[in-house]
Amino acid sequence: MKRSRSLVLALVAALAASVGAAWVALPAYAAGATASFVKTSDWGTGWEGKYTITNGGTTTVNGWTLTFDLPTGSTLGSFWDARLTTSGQRVTAVNLSWNGTLAPGATASFGFLVAGSGSPTNCQLNGAPCGGGPTPTTAPPTTTPPPTTPPPTGLPTHLLTGYWHNFVNPAVELRLRDVPAEYDLVAVAFGEATATPGAVAFAVDPGLSTALGGYTDADFTADVRTLHERGKKVILSVGGETGRVAVNDAASATAFADSTYALIQRYGFDGVDIDLENGLNPTYMAQALRALRARVGAGLIIAMAPQTIDMQNPATSYFRLALDIRDILTVVNTQFYNSGAMLGCDNNAAYSQGTVNFIVALACIQLEAGLRPDQVGLGLPAGPGAAGGGVVAPSVVNAALDCLAKGTNCGSFRPPRTYPSLRGAMTWSVNWDVSNGNSFARTVKPHLATLP
């Protein structure tokens, strides 16, 4: 999230180049080159696999092509560090421009996600048997398999999330109790970094207090109770555009859990939202969130608001964190804006922001990569002023919800299946929505009731 909402990303061209670049000629087989497979995670309905190519010979391997068969009924999802194509159940993986040359003793790896069960078979490397044995090895899952139902958080099946400004900008200023009734989950923006690495602080912003004619911490705490009485939930969002909370080791993970727990106790927050736009260590943030949940209990709400670029590849930090804690994760509300064009889950087209195709094709990546549908929300700006790009009419948000949940109102892109339990929508922000006549909430919230 942004205080100014004027983010301009310049990463798309590099991303498209890295995905599209591939060494396409089939090289001669180099004796001594082998490939081995390991299943790095398995959650029952899908799994993550990794192939490692090793040059055990005495001459350099100049390019590699690896092929294998997926089990019947399985489908390939996202992939990374190689260019993958399919023909029926046969998958062909070709090196990228930067990992095709292997000196003697060197290795290269690539990973991929599969919906279904089983393991790959009939592996060939540069036209010869992979040499790693006919039976793939399976490593113990690295994460706890997700439950089939979400933890008890008291939230509706399909919910509307909105961010409330604890600062002053061109949008209207609001007391927390004045958040419109359409919002089910209110994320308070933001918890801030302290001098202690990993620790989080929060207090009512002095500028906001002045703008509201006096608004204290005690007033805010009373407003949290008021929203609870209305059946709403309130969480603390950590980060934002200028947020510098850093959880990069065990000590800072402990500091994050301890300080956030103290804020939950003090103000009555129902959980935490991770909105770190300046780097995130998935290992230690997962440690911090699990420690926090152990103290709060199963009712803790854990939300995330990654930028679009953060949810393109399951191997990157934000996506990896979401998958690693999906047994305790409530919802990921990806910011489908301020991003330019991006690749969708079909891996063969760049979709332009501000369209139904963009929202659906990018949400599809998460839905096919292992997150439960009830953990996926669609984050969009609440009208003019709220973002630098990707602003859509609320009716476009509704169309994307319909396409994903019911298979109706799609654009030219259609997802491979429907996701009836899709969690809902998020907007930046409540303040901008009120500034724009509350059109987002009044249009999207009633529509959520029409989903399965």
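Modeller: Let's start with a term: a strand is a DSSP run of E with at least two residues, and strands are numbered from the N terminus. This is a predicted model, and in it Asn-55 lies in strand 2, residues 46–55.

Biologist: Thanks! Why does Asn-55 count as buried?

Modeller: Buried means under 20% relative accessible area. Asn-55 has 1% relative accessibility, so it counts as buried.

Biologist: What does the side chain of Asn-55 reach?

Modeller: That side chain reaches the backbone oxygen of Ala-103 at 3.3 Å. The cut-off for a polar contact is 3.5 Å, and 3.3 Å falls within it. Beyond its neighbours within four places in sequence, Asn-55 is in contact with residues including Gly-32, Thr-60, Leu-102 and Ala-103.

Biologist: On to the rings. How many aromatic pairs does the structure hold?

Modeller: There are 24 aromatic pairs. One of them joins Trp-47 and Phe-112, with 5.8 Å centre to centre and 70 degrees between the planes.

Biologist: Why is the pair of Trp-47 and Phe-112 called edge-to-face?

Modeller: Ring centres must lie within 6.5 Å to pair, and planes over 60 degrees apart count as edge-to-face. Trp-47 sits in strand 2 and Phe-112 in strand 9 (residues 107–115), 65 residues apart, and the pair links distant parts of the chain. Trp-47 is buried at a relative accessible area of 0%, and Phe-112 is buried with a value of 0%.

Biologist: What makes the pair of Phe-167 and Phe-190 stacked?

Modeller: Here the planes are 5 degrees apart and the centres 6.4 Å apart. Phe-190 has another feature: the peptide bond from Ala-189 to Phe-190 is cis, with omega near 10 degrees.

Biologist: Which residues do ring pairs link into a cluster?

Modeller: The cluster holds Phe-37, Trp-47, Tyr-51, Trp-64, Phe-68, Phe-110 and Phe-112.

Biologist: Now the helices. Why is helix 6 said to be largely enclosed by the rest of the structure?

Modeller: Seven of the eight residues of helix 6 are buried, so the helix is largely enclosed. Among them are Tyr-318, Phe-319 and Leu-323. These buried residues pack against elements including strand 2, helix 5 and helix 7 (356–368).

Biologist: How do helix 5 and helix 6 pack?

Modeller: Helix 5 (residues 282–296) and helix 6 (residues 317–324) pack at an angle of about 35 degrees, with axes 9 Å apart. Their crossing is right-handed. Pro-282, Met-285, Ala-286 and Arg-290 in helix 5 meet Ser-317, Arg-320, Leu-321 and Asp-324 in helix 6. The contact has four nonpolar, one polar and three charged residues.

Biologist: One last point: what makes the phi of Asn-438 worth a look?

Modeller: Phi of Asn-438 is near 60 degrees, a positive value in a residue other than glycine. Asn-438 is in the loop between helix 9 and helix 10 (439–448).

Biologist: Is Asn-438 buried or exposed, and how do you know?

Modeller: The cut-off for buried is under 20%, and Asn-438 has 5% relative accessibility, so it counts as buried.

Key
Residues are numbered from 1 along each chain as its sequence is written. This is a predicted model: local features need pLDDT of at least 70, side-chain atom pairs count only at pLDDT 80 or more; totals for chains, interfaces and linings use all residues. Side-chain values use heavy atoms; hydrogens and water are left out. Axes are lines fitted to C-alpha atoms, for helices over the stretch in contact, and angles run from 0 to 180 degrees between N-to-C directions. Helices (H or I, at least four residues) and strands (E, at least two) are DSSP runs, numbered from the N terminus. A crossing is left-handed if the near helix is turned anticlockwise from the far one by less than a right angle, and right-handed if clockwise. Contact means heavy atoms within 4.5 Å. Ala, Val, Leu, Ile, Met, Phe, Trp, Tyr, Cys and Pro count as nonpolar, Asp, Glu, Lys and Arg as charged, and the others, Gly among them, as polar. Buried means under 20% relative accessible area, exposed over 50%, partly exposed in between (1.4 Å probe, protein chains only). A polar contact is a pair of N or O atoms within 3.5 Å; within protein, one must be able to donate a hydrogen and the other to accept it, and residues adjacent in sequence count only if both atoms are side-chain atoms. Rings of Phe, Tyr and Trp (its six-membered ring) pair if their centres lie within 6.5 Å; planes under 30 degrees apart count as stacked, over 60 as edge-to-face and the rest as tilted.
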